Amino acid sequence: MAAASAAMESDRERKGLHRLAVGAGLGIAGGLFALVLPIAFLLLAKYNPGGFFTFGTTLIEVITFLVFAGAFLFLLSLFSYRLGFGALRKVDARYSTAAGLCILGSLGFLLLLVAAGLLLGSGNSLVACLQGRPTHLLSCLRSGQPLGAYTGLVGFWLGWLGGVGLVLGLSFTGGRYHHSSFYGAAALYALLLLALVGPFVALITPVPDVQYLLFVAPFLTLFAPAFVFAGSRSARPLVRTA
């Protein structure tokens, strides 16, 4: 009986780590589509405009589509992370909070998908909003596409809470398997959450040098899940075998 119970526990741990690795891979792809490429395109349009990289309906539609695709990949990533934490929760109850927050984060990215779809249909007004001052962007979007603006606002904060769940869950995983990669991933995700708050606050009140956070966020978005992937692959052999 004890051997069967130990085998079941080990199987759950291996499944949990495998799902964390899958979530990390999807997170890397989501970060590329939702943050890295859109921010690169916007910075090129702002500081080196010309051709495709000029504020216009085509560029905005492409960026909105990239954000839409990235949000969908992030949704799948958080879902996989939640499954991973859910499997580990059966052997360690501390993962319950992390799994619950990931559910909220998944709901947030669903709302971001809806918001991206709504904004995709109002390209001209979105172009006008992006060409204005950052502190006027939120009010401009509310006046032009209020449903899309409020849906995106709620989706952002729910997705942010999902990120908090990742930080907690990965911190627990680092302690459970004594693997520094998980601690590194948790730290990078925590920095990413802080980096995303800055540009959001800049939509309401001026924040000096907030553009530097836009340079940092894409790197954190890629490196954080890369650490998770490396840690998950390395920790699987450490799981007890029956």
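Select histidine 178 to begin: at 71% relative accessibility, this residue counts as exposed (over 50% relative accessible area; buried is under 20%, and partly exposed lies in between, with a 1.4 Å probe and protein chains only). The model is predicted, so local features need pLDDT of at least 70 and side-chain atom pairs count only at pLDDT 80 or more, while totals for chains, interfaces and linings use all residues. Residues are numbered from 1 along each chain as its sequence is written, and side-chain values use heavy atoms, leaving out hydrogens and water.

Histidine 178 lies in the loop between α6 (146-177) and α7 (180-202); helices are DSSP runs of H or I with at least four residues, numbered from the N terminus. The phi of histidine 178 is near 50°, a positive value in a residue other than glycine. Most residues other than glycine have a negative phi.

Next, select Leu20, Tyr81, Phe85, Leu166, Leu170, Tyr189 and Val228. These have the most contacts inside the largest nonpolar core, which has 35 residues. Such a core is a set of buried Ala, Val, Leu, Ile, Met, Phe, Trp, Tyr and Cys residues joined through side-chain atoms within 4.5 Å. Helix α7 gives the most to this core, with eight residues.

Now centre on leucine 170. Which residues does leucine 170 touch? Not counting residues up to four places away in sequence, its contacts (heavy atoms within 4.5 Å) are Phe85, Phe182, Ala185, Ala186, Tyr189 and Val228.

Finally, select phenylalanine 223, placed in helix α8 (residues 211-235). Phenylalanine 223 is partly exposed, with a relative accessible area of 45%.

Terms used. Helices (H or I, at least four residues) and strands (E, at least two) are DSSP runs, numbered from the N terminus.
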